[in-house]
Amino acid sequence: MKIPYYPGCTLHERALDFDVSARECAKAVGVELQELPIWTCCGAVFPLVSDNVMEILAPVRNLAYAAREGDKLVTLCSFCYHVLKRANKVVKDDPEKMEKANLFLRADTEAREEVESYTRKDYEGQVDVLHYLEMLRDVVGYDEVKKKLRRTLDGLRVAPYYGCMLLRPKKEMEFDDPEQPSIFEEFLDTLGCDVVDFAMKTECCGGFQIVADEDLAVQCSRNVVGSALKNGAEIIVTTCPLCRYNLDKKQDEMAKSVRGFKKIPVVYFTQLLGIALGIGGEHIDFSDNYVDPRPVLAGKSLL
Amino acid sequence: MRLTIKTEELRDELIRRVEDLSRQSLLQCYQCGKCSAGCPVVDEMDVIPSEIIRLLQIGRLEEVLNSKTIWVCASCLQCASRCPKGVEFSNICDALRQMVLRKRLSNPRMDADEVSAIMISDAPQMGVVAALRKLNG
Amino acid sequence: MEERIGVFVCHCGSNIAGVVDVKRVAEELGKYPGVAYSTDYTYMCSDPGQTMVKDAIKEHNLSGVIVAACSPTLHEATFRRAGRVAGVNPYQVEIANIREQCSWVHQGDKEAATRKAIKIIKTMVEKARLDEALDPIAVPMTHKALVVGGGIAGIQAALDIANAGYETILVERGPSIGGHMAQLSETFPTLDCSQCIMTPKMVEVAQHPRVKLMTYSEIDDVSGYVGNFKVKIRKKAAYLDRDICNGCGLCMEKCPAKTTSEFDEGLAQRKAIYTPFPQAVPNKPVLDRDHCTYFLNDGKCGICKKICPVQCIDYEQEDEIVEDEVGAIVVATGYDLYPIENLGEYGGGKYPDVITSLQFERMLSASGPTEGEVKRPSDGKVPETVVFLTCCGSRDPEAHMPYCSKVCCMYLTKHAMLYKHKVHDGQAYVFYMDVRTAGKGYEEFYTRAAEEDDVLFLRGKVSKIFEEDGKVVVWGVDTLAGRKVEIEADMAVLGLATVPNAAAKDLANMLKLHTDEWGFLAEAHPKLRPVESLAPGFYLAGAAQGPKDIPEAVAQASAAASKVAHLFAEEEYHREPIIAWIDEDTCAGCRVCVSVCPYDAAEFDVEKGIARIQEAICEGCGACIAACPSASAQQRNLTDEQVYKMVSAALEG
């Protein structure tokens, strides 16, 4: 089964470990992720002010590219998923903004020939934006995933961290219950992990504030990491490169203000999936992890 | 501290502009404070989110635009997600930021030139782009 | 005879006169054919207004009256009475609605509103011209009432109706009467022990010679109409003969199967054969087959049957349908708490020490699972800090219920106070949005909690509750101080919204009773008929109609009972005569009317070969009239001829 895939900028470059593991895992469960032949940055933020059409142009353009490839678009990064899904909803619900966006797309087409072949038609929200987890659950099926596993991650105490962008706002994302979500838990359950419930799994990691105000972001991520640790987690999994960065790379800063702070590795969910599927070597790469997960994984004989 | 409420300040066009930009109705807020109670970055704020809305309800736009709060918000949407009246503070906050940034007023919290080299070379691109868009216009 | 119609235009203060030029309307109508007298007045429904109508009838020898005023649902009866007193048949007194259908909806255009008012009145003059003098239809009535729901409201209603001298059936779904009030510890603002004031009433109603108590029973079907309902009541199989059972309790003692107790809100266990609580009325058990070893294990157990000294256990027992006839029905089906599962930000029920207000009531109750000691469910420790939350699901139009549940402020204040009375060193916090204390002695009660019992009231809503390190962490806010507030508590109590009883919604559907969008039973008029349903013969009592506290529920129950007594005071029931009749000369006997009549009032007379309307049953809905191909079916005082003339008047000019 082939499904169009939007990696986004970060996965294209700094989160290659996420991208590569995801593609390999998809193959192993029978899905070929087909990267869109043309794509651009999604813009990273969804505009929260009413008059900003400009910031939905990038995601709508990408959706229009995707519409040429199929009726689904899979993505991984929480920001990309959030922006694409909400922009898609704007196109569906707001005819005026749809018209404006298409006006720009048409202008684009005239200007750039190579784009023309992809955006001959107006974009009207026909693509279904799926998160990779949704693809595993609803397209492949967790039962099918389970059948393909080479080993289960028994005894590995994993804290699933959702963050903000997948869940909120509920009415637009329609991803899961924003307060007591379960898609991640069910996924980890499929892998055989011991799922650690922790109160901060839907709280903010500090997000983009890491760039402007590191202390502020660290305060947030410390709260999340601390909660996972208190509840006995050995490893945290995320679906977002920025969350990964804030939770993983800032642990030295967190340690400064917490006595007896214990470091904990933070990995992408596809990396754990890869291990369970028996994918090895360069495809499951932990070299970019600040807190090395290998000792924990080796301790459970998972490497 | 005393506040003389002036009707013309309550009806300030710029406050209506906040409502238009954010698509939120300020008077819908009944000041339960749930937004403030759940805000993950409230510790760093000088005015809590529910108070920002209150100040706008009573016509104190300047005070709000000068607050540190609007630059601290990380748009995590927890406030909007839990509001019993469906008021999305996150959107109001974005509108307020935009009102400052579109006037090309300086952002006291972040200058594009001052993004650290570490961030440029190390942080996920999405974070840098998001920060610049949110906090620098 | 030349008709002499009087037109009386009401100003309704400024409600009508502020929009409609009432002087001009009266003047115009004065010139209309058949109108003998026309005038206007500030409040036509007032005593001087009604006197004006009566005097004019006599003075001008009027044959018909039009009062141009508010909706007929408000004052049609008033003016028909006035007409009768002055000598005009009540059914020749008509209301022209120029308020709801004119002045209120055309406030922006006074000229057009005035013209419309004139037309509305002219149509009614056309109708009145052909109105016949009618008499109400007298039908026999069953002077027996049915009360559905055995909580405090149902008990009070049944007692009052029975004490007024009428037979009453009190039906309760559960094994015992008592409802939620029997679960409560002490009641605000007097701190009376709930059981102490409740149980005597339960006994009184059960022993009343005119009350037939049917517990563990449900309403299966209701047919008929006011004064003459036929009801089918399902006596659910209790798997024992409760008439023979002497309530010795041996079976409950020896029963090996346990499940969680509904009465104790899941904080304790009960047996599979059980009474919900020791003071249950009747104090005889029922067997819950879903948890019974005998039923679950193919007959392997049977201890209760072996041990019962009066041999009343009957595993073969089946539901029994009891049929009866009643004249009036009081619906007192009560409330539930909004499900804690819906409040995900407070854990959605996954944290053992975040409990519901009814669970806390059971904990405080001397007869409860902790015998009145405050112990948290997770580890049985006495909590040193307890946080109470108002508005859990109430006043939340975005995600939950938009309305105020009315009782939570008071009962949580009571909870905090009682907690302090039991745990002197403890600290109670109440998060509130507004402390609503509108009731006698309520404000004083709240003041006492804050000032004497050191309950700290924090103004703001809680955003999140979670358990960590054995603590219940509460993220709230104090909007008065302008700070986010974090409290590490030992327990939290949620004041969950009051919602209509889930099963009551099905009952309301079956009885075709109007409800609001949340499922609370709708009253006939929010101010002037607060205890009657729009459906004749149905009366409302207690929290089924909306959130209310005990005194209000009791007051409404007594009011509903007095309405029933009022109905029963007449030997016969007098029905409105505005119903269908069939012209025997033109009826072809096609039976279309028989097939469309929703009340089975149209029947076919085989001998004459024509259809006939049973006056006692016809509701005047008009279905047969619309369906009749030969226009033989006609509505009294709303004949085709009248309707055509009314339409012509409306379209004229």
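Guide: Let's start with Arg102(B) and Asp51(A), which form a salt bridge, their closest N and O atoms being 2.7 Å apart. Bear in mind that this is a predicted model, where local features need pLDDT of at least 70, side-chain atom pairs count only at pLDDT 80 or more, and totals for chains, interfaces and linings use all residues. Side-chain values use heavy atoms, with hydrogens and water left out, while residues are numbered from 1 along each chain as its sequence is written and chains are lettered from A, ligands numbered from 1, in the order in which they are written.

Visitor: What makes Arg102(B) and Asp51(A) a salt bridge?

Guide: The rule asks for a side-chain nitrogen of Lys or Arg within 4 Å of a carboxyl oxygen of Asp or Glu. The closest N and O atoms of Arg102(B) and Asp51(A) are 2.7 Å apart, so the pair qualifies. Chain B and chain A have six salt bridges between them.

Visitor: How many residue pairs are in polar contact across the interface of chain B and chain A?

Guide: The rule finds 20, both residues being at pLDDT 80 or more. A polar contact is a pair of N or O atoms within 3.5 Å; within protein, one must be able to donate a hydrogen and the other to accept it, and residues adjacent in sequence count only if both atoms are side-chain atoms. On the side of chain B that touches chain A, α10(B) gives the most, with ten residues.

Visitor: Why are α8(B) and α10(B) called roughly perpendicular?

Guide: Helix α8 (residues 89-102) and helix α10 (residues 125-136) of chain B have axes that come within 8 Å and cross at roughly 75 degrees. Angles of 65 to 115 degrees count as roughly perpendicular (under 35 is roughly parallel, over 145 roughly antiparallel, the rest oblique), and therefore α8(B) and α10(B) get that label. Among the residues that meet there are Asp94(B) in α8(B) and Arg133(B) in α10(B), where contact means heavy atoms within 4.5 Å.

Visitor: And how do you know that Glu345(C) forms a salt bridge with Lys34(B)?

Guide: Same test: their closest N and O atoms are 2.6 Å apart, so the pair meets the cut-off. Between chain C and chain B the count is one salt bridge.

Visitor: What do chain C and chain B bury between them?

Guide: About 1400 Å², 55% of it on carbon and sulfur atoms. Buried area is the accessible area (1.4 Å probe) that two parts lose on being put together, summed over both. For chain B and chain A, the value is about 3800 Å².

Terms used:
Axes are lines fitted to C-alpha atoms, for helices over the stretch in contact, and angles run from 0 to 180 degrees between N-to-C directions. Helices (H or I, at least four residues) and strands (E, at least two) are DSSP runs, numbered from the N terminus.
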